[in-house]
Amino acid sequence: GQSMAKLLEAIDEPNCRANWDPANHWVYRHESFSAGYEALRKHISHVHVKDHLPGEGRHQTVPPGHGQVGWPGQVRTLIEDGYDGLMVVETHFTPRIAGSRACVEALRDILRDVGEVVE
């Protein structure tokens with residue numbers, strides 16, 4: 001998040017926006033979403049949703065809320081900031097269909113828990 005914010009500020013073009021992926025941020029920085037999000041928040045127009053757990057040699061992708069990202073806090077912060085862009089569920093594990101369903105249900109649970117209406 002911090003590096004992308006610096007790049008976008010150097011480019012300084014209103015149509016050049018960011019995809020925010022807090023799970024990737026966690027994998028590369030091993031820190032909460034907060035610092036990266038804070039730096040990038042005004043540039044975000046798209047959010048990827050997945051979560052990660054540490055693993056031996058490689059991180060394990062898990063449904064949102066089941067890993068290290070802190071998705072309930074991230075979702076609350078997006079709502080408080082008035083984010084109205086897309087949130088795209090990424091599934092990087094198998095089985096793909098069951099994994100996709102698990103991710104969607106986990107995100108729905110998080111949205112309900114933070115008081116967002118889910119249809």
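Predicted model: local features only at pLDDT ≥ 70, side-chain atom pairs only at ≥ 80, totals over all residues.

First, the setting. The protein has five helices and five strands. In sequence order the pattern is α-β-α-α-β-β-β-α-β-α. The radius of gyration is 14 Å, close to the 14 Å that the globule rule gives for 119 residues, so the protein is as compact as a globular protein of that length. Its C-alpha trace spans about 40 × 40 × 20 Å along the principal axes. Buried residues account for 37% of the 119. Consider the contacts with a sequence separation of 6 or more: 62% of them link residues 24 or more positions apart.

The accessible area is about 7100 Å², and carbon and sulfur atoms hold 50% of that. There are 12 positive and 17 negative side chains. The centres of these two sets are 4 Å apart.

Now back to H30. This residue sits in the loop between helix 2 and helix 3. Its relative accessible area is 52%, so H30 counts as exposed, the cut-off being over 50%. Its positive phi belongs to a residue other than glycine. Most residues other than glycine have a negative phi.

D12 also has a positive phi without being glycine, with a value near 55°. D12 lies in the loop between helix 1 and strand 1. At 60% relative accessibility, D12 is exposed.

Helix 2 covers residues 22-29. Its buried residues are P22, A23, H25, W26 and V27. An α-helix has 3.6 residues a turn, so residues three or four places apart point the same way. The cover over the buried residues of helix 2 comes from several elements. Among them are helix 1, strand 1 (18-20), helix 3, strand 2 (44-49), strand 3 (51-53) and helix 4.

E31 is partly exposed, at 23% relative accessibility. Its side chain makes a polar contact of 2.9 Å with the side chain of H25. H25 is one of the buried residues of helix 2. A polar contact of 2.9 Å also joins the side chains of E31 and Q2. Beyond its neighbours within four places in sequence, E31 is in contact with Q2, H25, W26 and G36.

Follow the contact to Q2. This residue belongs to helix 1 (residues 2-11). Q2 has a relative accessible area of 17% and is therefore buried, under the 20% cut-off. Setting aside neighbours within four places in sequence, Q2 touches H25, R29, E31, A35, G36 and A39.

V69 lies in the loop between strand 4 (60-62) and helix 4. V69 is buried, at 3% relative accessibility. V69 and S32 are 37 residues apart in sequence, and their C-alpha atoms are 6.3 Å apart. Neighbours within four places aside, V69 is in contact with P22, A23, W26, F33, K50, D51 and H52. P22, A23 and W26 are among the buried residues of helix 2.

Helix 4 (residues 71-80) brings in Q74. Q74 is buried, at 0% relative accessibility. Not counting residues up to four places away in sequence, Q74 touches W20, P22, F33 and Y37. P22 is one of the buried residues of helix 2, and helix 4 is included in what covers them.

E31 makes a side-chain polar contact with H25 and another with Q2. V69 touches P22, A23 and W26, among others.

Technical notes
Residues numbered from 1 in each chain as written. Heavy atoms only, no water. Helix = DSSP H or I, 4+ residues; strand = E, 2+ residues; numbered from the N terminus. Rg over C-alpha atoms; globule rule 2.2 N^0.38 Å. Buried < 20%, exposed > 50% of the residue type's maximum accessible area, 1.4 Å probe, protein only. Contact = heavy atoms within 4.5 Å. Areas by Shrake-Rupley, 256 points an atom, 1.4 Å probe, with all protein chains shown as cover. Lys, Arg positive; Asp, Glu negative; His and termini not counted. Charge placed at Lys NZ, Arg CZ, Asp CG, Glu CD. Polar contact = N/O pair within 3.5 Å; in protein donor to acceptor, adjacent residues only side chain to side chain.
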